[in-house]
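This briefing covers a protein chain and its ligand. The site comes before the overall fold.

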Amino acid sequence: MRATIAILGGAMTPASGPFQAAVEEAAREGMEILKKGETSVEAVIAAARCTEDNPVLNSGTGSRLNMVGEAEMDACVMEGKGLKSGAVACITKVRNPILVAEKVMRETDHILFVGEGAVKFARSMGFPEYDPVTFARRQEWEDIIGRLKRGEELPDSYRRILSYWKKMKNWIDEDTVGVVAIDKDGTLAVASSSGGGPLKMPGRVGDVPLIGCGIYADNRAGAVVFTGHGEVFCRHLAAKTVCDLMRQGMNAQEAAEEWVGILKNEAPGAVVSLVCIDRKGNVGGCRNVKETPHAMLQEGADACVSGFSKILFPVK
Ligand code: GLY
């Protein structure tokens, strides 16, 4: 099997400049691991860690802040061999949520730790206290909170927050970093990490750490990761559905496109971008937003390929 890695960097993130460079750097980091003969799980974790350490993306350092000004992060890793997984949700004050998720997978017989329990688990595993809030995210938060309090107009991209702020019940735009890989032995893996949407409610958990919703990997089918409206992916078990389509015989691109079509009918207006790899190593990508930084890299190739994610039924 030709080792391959594919990555996306958020459905609300420009696909240019430092954002595209960030996902390509992470793809290269993961490929170095695959080239050494290590597994796809090691590769997706390394790539996700790289994105978490890059402050331009909405995961780890540089996560968007919730309504009370805190970075509450979700992360998950899953291996397609044996369906092993580990996740954390609403974790705070750690540098790399994906590494804590890895410990959940490797060191416990559980799947998901949340909030304070996740932080305590991280400390017990030796992860020191760390503040992932960047100056830019703090400024962004202060600006929007100030406008909301003063009842001022918000920039277009923040309009949805107004209904969220007033009704305290709607979701808003979310961004996720996600990576899928297949190694030389044909084992598939996926990792995902997100700060969730700006000004999300404290305690809100998105699709990222919920197996079958934002991520899924199964060696009999493929591996898939989503970015966009997490609640929609939860309702429709998005990631498991795409894996089921691949298991039934669709290749990665067919399954990705099929799901974006399903979304158009089931949840019109919801934002999605996904990448996947099927069990034969084909990469697929589809989205209904104008931009998503994304890249794929195959063993032996000189450079990352981008632009493979197809736009269908655009909503923005
Ligand atoms: N898709 C990321 C989130 O909803 O948190």
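A cavity here is a set of grid points, computed over the protein atoms alone, where a 1.4 Å probe fits but cannot get out. A molecule sits in a cavity if more than half of its atoms lie within 2 Å of the cavity's grid points. The model is predicted. In this model, the ligand takes up the space of the second largest cavity.

**Residues around the ligand**
- The ligand is surrounded by nine residues, and the closest are Thr176, Arg204, Asp207, Gly228 and Gly230.
- By class, the shell around the ligand holds five polar residues, three charged residues and one nonpolar residue.

**Polar contacts and burial**
- Thr176 places a polar side-chain atom 3.0 Å from a nitrogen atom of the ligand.
- The side chain of Arg204 has an N or O atom 2.7 Å from an oxygen atom of the ligand.
- The ligand on its own exposes 200 Å², of which the protein buries 100%.

**Overall fold**
- The protein chain contains 12 strands and nine helices.
- With a radius of gyration of 18 Å, close to the 20 Å given by the globule rule for 316 residues, the protein chain is as compact as a globular protein of that length.
- Along the principal axes, the C-alpha atoms of the protein chain fill a box of roughly 60 × 45 × 35 Å.

How values were computed. Residues numbered from 1 in each chain as written. Predicted model: local features only at pLDDT ≥ 70, side-chain atom pairs only at ≥ 80, totals over all residues. Heavy atoms only, no water. Near = heavy atom within 4 Å. Polar contact = N/O pair within 3.5 Å; in protein donor to acceptor, adjacent residues only side chain to side chain. Areas by Shrake-Rupley, 256 points an atom, 1.4 Å probe, with all protein chains shown as cover. 1 Å grid on protein atoms, 1.4 Å probe; cavity = no way out; pocket = protein on both sides within 12 Å on 5 of 7 lines; lining within 4 Å. Nonpolar A, V, L, I, M, F, W, Y, C, P; charged D, E, K, R; others polar. Helix = DSSP H or I, 4+ residues; strand = E, 2+ residues; numbered from the N terminus. Rg over C-alpha atoms; globule rule 2.2 N^0.38 Å.
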